[in-house]
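I opened this notebook to record what I looked up in one model. The entries follow the order in which I worked.

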Amino acid sequence: MYNSSVQQQRIINEQLRREAEIPRIRVSETCMIMMKYIAEHANDDCLLTGFSSQKLNPFREKSSCSVL
């Protein structure tokens, strides 16, 4: 029982060490990067500009099939 507890703590410690090495960016800087990306790609966003053709719209209503 003691060995498993020590092993679990080692795993947690290793994970925390890996996470501590991840480079961090301030939230304000990240928001600015995201806003710049969104502004640069707004013309390509079909939800903002619409679809050039109804056939390209994956959200269009499907035509109903009627049986004669």
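**Confidence.** I noted first that this is a predicted model. I looked up the mean pLDDT of the protein chain and found 86, with 91% of the residues at 70 or more. By element, I found the highest mean pLDDT in H2, at 96, and the lowest in helix H3 (residues 46-49), at 80.

**Elements and overall form.** I counted three helices and zero strands in the protein chain; from the N terminus the order is α-α-α. I then compared the radius of gyration, 25 Å, with the 11 Å that the globule rule gives for 68 residues; the former is well over the latter, so the chain is more spread out than a compact globule. Along the principal axes, I found that the C-alpha atoms fill a box of roughly 75 × 45 × 10 Å.

**Surface and burial.** Buried residues make up 1% of the 68 residues.

**Helix H2.** I checked the length of H2: its 14 residues should span 20 Å at 1.5 Å a residue, and the end C-alpha atoms are 20 Å apart, which agrees. How many of the 14 residues of H2 are buried? I found zero, and recorded H2 as hardly covered.

I located Tyr37 in H2, which covers residues 27-40. Is Tyr37 buried or exposed? I recorded Tyr37 as exposed, because its relative accessible area is 52% and the cut-off is over 50%. Together with Met34 and Ile38, Tyr37 makes a nonpolar surface patch of about 350 Å².

Key
Residues are numbered from 1 along each chain as its sequence is written. This is a predicted model: local features need pLDDT of at least 70, side-chain atom pairs count only at pLDDT 80 or more; totals for chains, interfaces and linings use all residues. Side-chain values use heavy atoms; hydrogens and water are left out. Patches are made of residues with over 30% relative accessible area and no salt bridge: like charges are joined within 9 Å, nonpolar side chains (Val, Leu, Ile, Met, Phe, Trp, Tyr) within 5 Å. Accessible areas come from the Shrake-Rupley method with a 1.4 Å probe; for residues, only the protein chains shown count as cover. A salt bridge is a side-chain nitrogen of Lys or Arg within 4 Å of a carboxyl oxygen of Asp or Glu. Helices (H or I, at least four residues) and strands (E, at least two) are DSSP runs, numbered from the N terminus. Buried means under 20% relative accessible area, exposed over 50%, partly exposed in between (1.4 Å probe, protein chains only). The expected span of a helix is 1.5 Å times one less than its number of residues. pLDDT is the predictor's confidence in each residue, from 0 to 100. The radius of gyration is taken over C-alpha atoms; the globule rule is 2.2 Å times the number of residues to the power 0.38.
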